[in-house]
Amino acid sequence: LAYFSPHREKYLKILFYCLPVFLILFIARYSFFLSVFNRFLSIFNLKEGDIVSRLQGYIATFQIFKLHPLIGRGPESFLLLFRRAVPAEFVGKIGPLAHAGYTHSYPLQILVDFGILGFGFYIFLLVAVLKRALISKDGMKIAAAAVIFAHFFTNLFAFPTVAEVFLFWFSAAVIFRKLHSSAHICSNPARKILFFASAVFFVLPAITDFLFVAGMRAHSTKKSYGYLKTAASLIPQDYHLMNIGRKYIEFFRVSDRDLWLKRARTVFERIADRNGANALAFNGLGVVWKEFYELNPAEKSFREAEKNFMRAIELDPFLRAGYLNLALLYEKRGFFENAAEIYKRALKIYPKDATMLFNFGVVSANAGHIRHALNIWKKLKKIKPDYPKLKKYIREAETILKKKNKMVN
């Protein structure tokens, strides 16, 4: 951008003076820059799980795009559609990395969400903004163009935060402003109010991020709750709210106070109301009601937990946590056959999942199918021979079967 600007020599000179600063930073944070460089090199390792997942994500993106090419499917839909656009074998092989909530490419995300029309408008906007800035003689506009260019380049293989999106539009506003002097910005009282309101609105997402991180890292439950509650009241993303809900459940398990469960339920209900296709929100609600059921085994708590877990795996057929939680709920109630059916369904997607295989054997044994349980555990032994308690359970199952054979004889 400096090279193509009318003030090329001036900006290149400034850039040259900045090089020693970059060199000092590189020396001071050598390990950080080395890790960034290694991360960059990993892009070219096509066998790495993260890269395989992203490539599958790009393929799935174009498959979804072909179904709705003109105007797209709309935002908040990729999470669900992605699971249906990739083969189950891929999900079973990659595991959690296959659960993409977005394409890991902002231009592709716009293409799949808003179709050719939306993508065309996005490209037009970029070209128009950068062109206007580059023919300008205003240094502030050149700087704003650099921000927009960085936003586009860094999100070719990533997804912007809310703060980054606000930064994009703020920079575009700087480029298209018609004021000749910054002294006129606050000359009018109404404009002054609008200016400060815009500034506050612009920084709110960043403040939300800071409060969320502080809340997740705070050692004191009281401080953590204060930060998280404030973050949830500003401009939180679903990601923030999900983690806040999980944190409240952690607080409950440490304190045994059902107040935290009620707060977690409020958070998950808020997410589900915002996006009825969010399987993770329904899974979170299921966990809350499951904890209520374990506190006080009431029929309502069981039915609510069951309903939400079933809704979660209906929305996301590959949601491992949904299957596992529903099976554990059935096991807690003594419905061992129901739990076994859930594990059967889940193991078609995750055939080598050690936890599910072990638990499948447990509920099968509790249901009276000792030989079947033994076969499952022997299968697990080939996959993960050091799984906790596995050898003990195999020995006990073999002993029971030997006794039964003696009785039959």
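Predicted model: local features only at pLDDT ≥ 70, side-chain atom pairs only at ≥ 80, totals over all residues.
Residues are numbered from 1 along each chain as its sequence is written, and side-chain values use heavy atoms, with hydrogens and water left out. Local features need pLDDT of at least 70 and side-chain atom pairs count only at pLDDT 80 or more, while totals for chains, interfaces and linings use all residues.

The structure contains 18 aromatic pairs. Rings of Phe, Tyr and Trp (its six-membered ring) pair if their centres lie within 6.5 Å; planes under 30 degrees apart count as stacked, over 60 as edge-to-face and the rest as tilted. Phe149 and Phe153 have ring centres 6.4 Å apart and planes at 10 degrees, so they are stacked. These two residues are four apart in helix H7 (residues 139-154), about one helical turn. Helices (H or I, at least four residues) are DSSP runs, numbered from the N terminus. Phe149 is partly exposed at 42% relative accessible area, and Phe153 is exposed at 54%. Buried here means under 20% relative accessible area, exposed over 50%, and partly exposed in between (1.4 Å probe, protein chains only).

Tyr293 and Phe302 form a tilted pair, with ring centres 5.7 Å apart and planes at 55 degrees. Tyr293 is buried at 8%. Phe302 is buried at 0%. The charged end of Arg333 sits over the Phe302 ring, 4.5 Å from its centre. A charge sits over a ring if NZ of Lys or CZ of Arg is within 6 Å of the ring centre and within 35 degrees of the ring normal. One aromatic cluster is formed by Tyr225, Tyr248, Phe251 and Trp260. The charged end of Arg263 sits over the ring of Trp260, 4.8 Å from the ring centre.

The whole structure has 11 salt bridges. Each is a side-chain nitrogen of Lys or Arg within 4 Å of a carboxyl oxygen of Asp or Glu. Glu250 bridges to Lys247, with the closest N and O atoms 3.8 Å apart. Both lie in helix H11 (residues 238-255), three residues apart. Glu250 is partly exposed at 44%, whereas Lys247 is buried at 13%.

Glu291 and Arg253 form a salt bridge at 2.7 Å, N to O. Glu291 belongs to helix H13 (residues 279-295) and Arg253 to helix H11, so the pair ties together parts 38 residues apart in sequence. Glu291 is buried at 8%; Arg253 is exposed at 51%.

Arg333 also forms a salt bridge with Glu299 (2.8 Å, N to O). A network of salt bridges links Glu299, Arg303, Glu306 and Arg333.
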